[in-house]
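This report concerns the salt bridges of a predicted model. The sequence and structure are shown first, and selected pairs are then described.

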Amino acid sequence: MFGRVSETLRAAARAAGERPLPRPRPLPRRQPRARGHLQRKQPSERPQRPGREGGGTMELKKDINAVSIDMLLIVHSEKRRAAQGTHSDLQADPGALLQRCGGFQGVGNAVRRWQKLEGNNLHGNLAEKQHLQQPQVITSYDNQGTQLTVEVHPRDAMPQFLKKFSLAKRLQGDKNGNTRPRQPGGKDAHAYPWDRSSLKSMPLDLRQFEKLDTYASQVTAKSGLDELVTDLLQEAHSDLERVRAIWIWICHHIEYDMAAAQEKDRQAFKPTDILRSQKTNCDGYAGLFERMCRIAGVQCMTVPGYSKGFGYQTGQSFSGEFDHAWNAVYLEGRWHLVDSTWGSGLVDTTTSKFTFLYNEFYFLTHPALFIEDHFPDNKNWQLLKPPQSLRQFENNMYHKSEFYNKGMLSAHPETSVIRTVNGKTTVTIESCAPTLFMFMLNGKQEHGLLSLRKNGMKLEVYPPTMGTHKLQIFAKGHSDIYSSVLEYTLKCNYVDMGVQLPAELHQPVGPSWFSEQMGITKPSHPDPLIHTSDGRCSISLGVEEGISVLASLHGDDGPITEETQRRYIFQLHREKRIELKVQLPHAGKFALKIFVKKRQEPGNYVFVFNYLLCCANTKVNWPMFPESFGNWGQDNELLEPLSGVLPANRNVPFKLKLHGIAKVLVKGQDTWPLTLNREGYWEGSCSTAGCQEVYVMVLENANHNFYSYILKYKVNAQ
């Protein structure tokens with residue numbers, strides 16, 4: 001084939017004023033390079049993606065500044081050529097001379113006509129000179145389906161048939177001369193399962209992109225892709241930075257088109273239409289990303305497949321038409337995966353509206369993590385060793401991107417559908433840093449015990465009914481917003497009626513790193529569950545300087561109301577610790593909530609954690625503690641009487657430790673003073689005869705006559 005072209009090239013060379021080429025020697029059939037000055041850039045021999053043509057270039061080396069001759073060789077398969085006739089998707093110029101005779105004689109005739117024109121009027125008028133400066137493009141086919149395009153143009157000009165199809169950089173080839181995107185192979189594969197080394201498929205320091213990201217996100221949309229890519233690449237100095245700039249621009253400027261996505265037949269979006277509307281579906285995102293990367297000279301492919309995206313139901317199976325598309329991009333000798341659709345934002349499941357919310361996770365994602373929600377049509381594009389089957393993809397646990405964004409490493413169970421055992425299921429999460437969690441069962445924060453750990457959390461769930469339940473787990477991370485990270489489907493065939501948790505039992509339960517961070521240290525009860533046989537318990541907590549603690553008791557039934565929920569707890573202060581004395585009004589399960597607040601700062605108390613108090617003794621019927629008022633100091637201590645209800649017609653002993661007090665009185669029907677003993681306690685007694693209430697009053701300054709109420713007791717009716 002090259003032999004038939006040589007005369008054409010020599011004619012072109014003579015017309016260009018160059019030295020004639022020596023007649024090339026016969027080439028061995030598989031010799032990659034012709035001798036002499038004629039070189040052919042070999043395309044990759046790896047399998048090619050269906051539906052695309054092979055391509056190559058032929059170059060003529062020159063000694064003087066005259067013209068260049070570029071050749072584009074495209075070989076069509078018999079089947080594809082028959083379907084397309086003699087036209088090619090890569091036809092360079094509609095006005096080019098097309099010859100359909102055998103061999104490439106049409107190309108030779110056209111070059112000779114160009115030679116004649118150039119030779120006859122080399123120094124003609126200005127119009128003719130301008131005409132001669134225009135590239136001359138000739139395209140021809142032989143009877144075996146091979147297309148040859150020859151372009152003669154000024155030496156310093158870019159070949160027009162390359163520029164027209166944005167193939168200039170693509171056809172330059174890599175260091176091995178390969179000009180087509182190669183298919184993924186063994187060196188692209190990453191080990192499965194994930195080795196926890198990185199969220200990315202290559203080492204990255206995201207801080208290096210800060211300036212580039214800011215620049216790329218602020219580049220305005222253009223009417224043409226070439227102009228847009230040129231602007232984006234102003235601050236990019238490597239293939240990685242070029243891909244990053246394109247990725248950032250798409251994720252910050254292209255909106256997901258819900259209307260188009262819901263069409264029965266997925267539309268094909270042209271890049272120009274996307275730039276104009278700045279909306280598209282997943283195919284448009286992937287196609288735009290691929291096109292821009294190729295203009296930038298970076299190999300990129302669009303990968304179709306199944307996804308666990310909008311509308312996905314836990315445990316569902318996949319079949320039929322693929323529902324998503326993403327990209328593979330070739331960087332530093334390996335293929336890497338990106339999804340600009342999911343990188344740009346999210347769709348609200350309730351309103352079906354798209355919101356821009358940049359997601360770094362889907363840029364060069366580690367393939368062992370990408371496979372959790374992306375299953376390609378070709379298993380090679382998983383970039384995994386070993387690759388996963390569709391059944392494995394359907395059954396494997398789906399960790400949402402926020403699971404990894406917020407520093408989580410693993411979760412157990414590893415299947416999305418869980419069957420309870422004796423009415424209970426346990427979920428654990430491992431994280432690389434302390435993280436706040438919460439859960440919802442069927443949309444409510446009930447029927448579970450969630451305890452925090454320094455490296456994760458543990459959740460015990462007790463579904464209230466048999467059947468199927470939806471369990472969602474949320475994590476907070478470094479932001480102020482809880483994000484959904486996991487979803488499970490629970491199958492429950494047994495309910496333990498003995499485990500009914502209070503509705504007010506919030507999360508987390510038990511002390512943890514978070515309570516320590518909030519100023520509560522060294523708890524006497526490190527476990528969240530406290531059993532009491534007589535309905536009473538005492539809990540001691542270390543408290544940092546300047547921290548105030550508030551506690552309240554909550555149950556689902558009985559006499560506890562919002563007004564009295566703190567009356568079953570009496571708080572004592574001893575040096576840097578507080579003691580919470582708790583008396584339960586009856587048997588059952590109760591949530592003991594702990595709140596804290598910095599004394600010098602305004603605002604409300606903040607919930608930190610709660611204990612679950614359990615009592616099975618049906619004889620328990622403890623009264624409330626005495627009611628305390630604002631003047632009851634943080635460091636005061638009440639030894640007796642602890643019951644808030646006093647017996648009638650009795651002399652009741654009192655013993656208190658009060659600081660900075662001049663006098664103490666107990667007032668019923670009459671008034672009885674208390675005296676200060678050597679140990680620093682105020683002691684005395686009071687008769688409850690003839691009264692319904694008893695008060696403890698204090699005089700803070702001996703020079704004043706104004707007493708303040710600090711405690712109030714009720715007296716039983718006779």
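Glu-290 and Arg-294 are joined through their side chains by a salt bridge, with an N to O distance of 3.2 Å. Both residues belong to helix 11 (residues 282–295), where they lie four residues apart and are therefore separated by about one helical turn.

## A bridge between Asp-231 and Lys-222

A salt bridge also links the side chains of Asp-231 and Lys-222, at 2.9 Å from N to O. The two partners fall into separate accessibility classes, because Lys-222 is buried at a relative accessible area of 16%, whereas Asp-231 is partly exposed at 23%.

## A bridge between partly exposed residues

Asp-534 and Arg-536 form a further salt bridge, in which the closest N and O atoms are 3.7 Å apart; this distance lies within the 4 Å cut-off. Asp-534 is partly exposed, with 33% relative accessibility, and Arg-536 is likewise partly exposed, with 41%.

## Overall count

Across the whole structure of this predicted model, the search identifies 20 salt bridges. The pairs described above include Glu-290 with Arg-294, Asp-231 with Lys-222, and Asp-534 with Arg-536.

Conventions: Residues numbered from 1 in each chain as written. Predicted model: local features only at pLDDT ≥ 70, side-chain atom pairs only at ≥ 80, totals over all residues. Heavy atoms only, no water. Buried < 20%, exposed > 50% of the residue type's maximum accessible area, 1.4 Å probe, protein only. Helix = DSSP H or I, 4+ residues; strand = E, 2+ residues; numbered from the N terminus.
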